[in-house]
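User: I've got a model open in my viewer and I'd like to learn how to read it. Can you walk me through a few features?

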Amino acid sequence: IPLYIRLNAYLAVDNTMGNAVSNVIKITVKPYAPKVTVSLPTKMFIVGSFTASSGWSVFVPLHQGYSQDGFYYGVVYLEEGAEFKLSPKDSWGEDRGFDAVTFGDEATSAQISQGDGTNMKNATAGWYTVVVKTKVSGDKVTYTLILSEAKVYLFGATGGDIWAWDDTNKFTAPADANGEWVSPAFTASTELRVSVKVGSIDWYRTEFTVHNGEVFWRKYDMPNNWAETMGADYSVKPAVGTKLYVNFDTNKAEVR
């Protein structure tokens, strides 16, 4: 197909002086659409020796952000010197290590080094939000890893009707992987809304509730509330003065 262009030249940086325009130049272009042979992963896991309860045979699932294809996150405790890999399935064969992952910011690059073989090695112990962004690039899927300090917040009426990342409603993190995250005391007995802060992502894309004593991560469109979308047993209405206790290592949670 033909494309027609002109070249513009200026004497001044702000394009106010000496504007010169060339004749029309015709370029013949052959359209090309690369054949896509791969697709974004529908699951993501982290595997390795990052806590006492983990191991190289335990594939810990990360969670897809609501309506965020190829975007996964999880709250994970990484011990000092912990080594791990990422995998789109809960078995070996497609795992991604240090040589197959891009680090999304300087903080992550400083935190992660190459461990044994192609393992990724963590520098400083602590609770992290592990984010994995995947993208189809030509005939392969690229992986970008971002680590940041884990932060969890209450939203809505149970936390003073605040619908923002407000430190008044920030959970207290435990000292190690075996402890529980603890919310501020609830100020109203209305439906519980809780979220993990993941960069600039909207809070409702990384939201969770408590169902049958376990953390249930949001997967669906929810115009109003958990009760309407999922049913009454997904809608937690805690008593005033109680708190939410969450163990992200075991995925257990309860109000008491």
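Predicted model: local features only at pLDDT ≥ 70, side-chain atom pairs only at ≥ 80, totals over all residues.

Analyst: Strands (E, at least two residues) are DSSP runs, numbered from the N terminus, and two strands pair if DSSP finds at least two bridges between them. Residues are numbered from 1 along each chain as its sequence is written, and side-chain values use heavy atoms, leaving out hydrogens and water.

User: In what sense do β8 and β13 pair, and over how many bridges?

Analyst: They run antiparallel, over 8 bridges. For a spot to look at, find V75, which sits opposite T129 in β13.

User: How do I read a nonpolar core?

Analyst: The general idea is that in soluble globular proteins, nonpolar side chains tend to be buried together. A nonpolar core is a set of buried Ala, Val, Leu, Ile, Met, Phe, Trp, Tyr and Cys residues joined through side-chain atoms within 4.5 Å. Buried means under 20% relative accessible area, exposed over 50%, and partly exposed in between (1.4 Å probe, protein chains only). In this model the largest such core has 28 residues, and W181, F208, L244, V246 and F248 touch the most other members. β8 gives the most to this core, 4 residues.

User: Which residues does F208 touch?

Analyst: Skipping residues up to four places away in sequence, F208 touches a list including V152, V194, W217, W226 and L244. Contact means heavy atoms within 4.5 Å. Apart from that core there's another, of 21 residues, among them F50, V101, M120 and Y128.

User: What about loops? Is R205 buried or exposed?

Analyst: R205 lies in the loop between β17 and β18, and it's buried, at a relative accessible area of 16%. Neighbours within four places in sequence aside, R205 contacts G65, Y66, S67, Q68 and Y73. One of those, S67, is in the loop between β7 (63–64) and β8 (71–78). S67 has a positive phi, near 60°, without being a glycine.

User: Where is N251 found, and what is its phi?

Analyst: N251 is in the loop between β20 (244–247) and β21 (252–255). Its phi is positive, about 70°, although N251 isn't a glycine. With 22% relative accessibility, N251 counts as partly exposed.
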